[in-house]
Amino acid sequence: MLTTFPKDFLWGGETADFQYEGGYDQDGRGLLSHDFETTGSATQPRQLTLRLKDGSRGTVNAHDSLPAGAEVALYDDVYYPSHQATDFYHHWQEDIDLMAEMGFTTYRFSICWSRIFPTGDEAEPNQNGLHFYDQVIDYLIANGIEPIVTICHDELPNELCVKYDGWSSRHVIDCYVKYAETLIRHYRGRVRYWITFNEINILSGYIAIGTHQQDPQTRYQAIHHMFVANALAIKNGRAINPEAQFGAMYALSETYPATCKPEDVFAAYQTRRNDGLFYVDVMARGYYPNYTAEKFAAEGVTLQTTPADLQLLKENTIDFISFSYYRSMVATAQADGSVKVNNENPYLVSTPWGWPIDPLGLRYCLNELYDRYQKPLIVIENGLGAVDELTADGQVHDDYRINYLRDHLKAIRDAITLDHVPCIGYTMWGNTDLVSLSTGEMKKRYGFVYVDMDDQGHGSLKRIRKDSFAWFKQVLASHGADLTRQI
Ligand code: BG6
C-alpha cells in the first residue's frame, strides 16, 4: 500500500509558448492569433488591435466578436506581450538547467503552431521551427526530463483565422492533423506524452478558436471540429507511434453549491457538467452524452456533424486526462432559472487576483474524475499567481507560494494514498516566470524562477531563484515524501 507518491511519479513544471518563448518573428515563425493581443490588468481586459473596415485603427476586447469587416493588425506604438514574452527562445538552455537543478523528471510545454507551419497552410513544415524544439527536447532528455508536449495551447496561426475564420472551418481540421502528425513523426522515440488541446472546455474568442464572431452556435461548431481533429490526430498518431500516449487538458477548478438548497446543489452539478465534464465525456467516452440535447437547445445551438465524425470520436478516445486546478468556485441558482457562478466562498481565502485557495477541492476533483472515467490523471497546471518582491540583495521570499504548493501536493498525496486514485504526475504552472494569460501582466507571477521584466517588457530578463526553488528541490529529492520541511 502506498504511503506517499509512487516512485515513477512525474514531477515538474510547465509553460505555454506565446506566454514564455518570445522570438515571435525569428527563424520563419508566422504570426499567431495571440500576437495581436495587448496587455491588460485584473480590471482592464486585454484588447486585440484592429484595422477597421474603413482602414482606421480600432480595438476590441480579446474575447468579443470583431466588428464587421475588421481584421487584426499590429502597430509599432503598442506593446504586445507575446513578442518577447520572457524569452525562452534565447534562454532555453539556462532555463532547462534550472529545471534539472530542481530535479524535474518532466516538463510540459507547448509547441508554437506557427513556428512549424507559419500560415498553417504550407505543405511542408518550417525546418527551423522543428530544429528549435529538437534542441529543447534533446536537452531535456539529456537531463533526465521527460517532455510532455501540448500540440495546441489556445492558439492558431493567424492566417487560418483571417482566411478560414479559424475553427469554424473544417479545413482547419486538416491543417491541425497535418501539424500534429508532423510533430508525432518528427519527435517519435523522444516524446511519449502528447496533449492535443489545452483547456478545450474554456476556449473562446479570436485568440483561441480563431472565429470572428463569438456566439454559441459558432463556438460549439468550432469545438466539434476540434473534437474531430483530436480523434483524427490520435488515430493517425497511434499509427505513427504505437508507444505514444494521448491526452487532452481541461480547466476543471471545482464548483460547489452555494448552499444545501436543492436548487443550488443541482445548479452546481449542471454547471460542472456543462462547462467542464461535457468535454471530457466526448473525448474520453467517445460520444456526445445524453444531456447534450438539452444543453444545446438551451443555448440555441444546432450542431452540424457527419456519421464519419461520430465514428471517429467513438473509435479514438484519449488515454489519460490532464487538467488545470487553481481554485474552486460557487454556483447559486437564480429565480429565472439561470445560474450565478463566482468566487465568493466565505470559507476560503483568495489570492490577490480573487481566486479562492482550496487544496481539498483538488482531492475532490481527482476523485470525481477517476470515479467517472477510470483513466490515469495528471495535475498538469497548478500554482499561485502572486506579486513577488525582489529584495535589495536580489532574493524573492515567496513563502506564500510554498504554502500553496505544499497544501495542494498534500491533497494529491491524499488522493493517491487514501483514495487510491492513479494520479501519475504533477506539473506546476509557470515554473519560470512568464506573461499572464488572462491579464498579459508580468506582475502576476507563478514561477520558482523570477525573471527580471516588468509589465511593459522592460528588464534584463535575468533569472533569479526564489525561495520556492530550494523548497521544491527538497520535495523532489525526497520524491514528495517530505512536504513539511522548511528551507
Ligand atoms: C490556464 C492556462 O488557464 O491558466 C495558462 O492554460 C494560464 O495558459 C494559467 O497562464 C494561469 O492563468 P493566468 O491568467 O493567471 O495566466
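An oxygen atom of the ligand lies 2.5 Å from an N or O atom in the side chain of Ser438, within the limit for a polar contact (a pair of N or O atoms within 3.5 Å). A polar side-chain atom of Glu381 is 2.7 Å from a ligand oxygen. For Ser436 the corresponding distance is 3.3 Å.

The model is predicted: local features require pLDDT of at least 70 and side-chain atom pairs 80 or more, while totals for chains, interfaces and linings use all residues. Side-chain values use heavy atoms, without hydrogens and water, and residues are numbered from 1 along each chain.

The ligand is surrounded by 13 residues (a heavy atom within 4 Å). Gln19, Glu199, Ser438, Lys444 and Tyr446 are the closest. The shell comprises five nonpolar, five polar and three charged residues, with Gly counted as polar and Tyr as nonpolar.

The ligand sits in the largest pocket (more than half of its atoms within 2 Å of the grid points). A pocket is an open set of points on a 1 Å grid over the protein atoms alone, with protein on both sides within 12 Å along at least five of seven lines; lining residues have an atom within 4 Å of a point. The volume is about 1400 Å³, taken as the space filled by probe spheres set on the points. The lining has 50 residues; Glu199, Ile202, Arg327, Trp355 and Ser438 lie nearest the centre. Helix α10 gives the largest share, five residues (helices are DSSP runs of H or I, at least four residues).

How values were computed:
Polar contact = N/O pair within 3.5 Å; in protein donor to acceptor, adjacent residues only side chain to side chain. 1 Å grid on protein atoms, 1.4 Å probe; cavity = no way out; pocket = protein on both sides within 12 Å on 5 of 7 lines; lining within 4 Å. Helix = DSSP H or I, 4+ residues; strand = E, 2+ residues; numbered from the N terminus.
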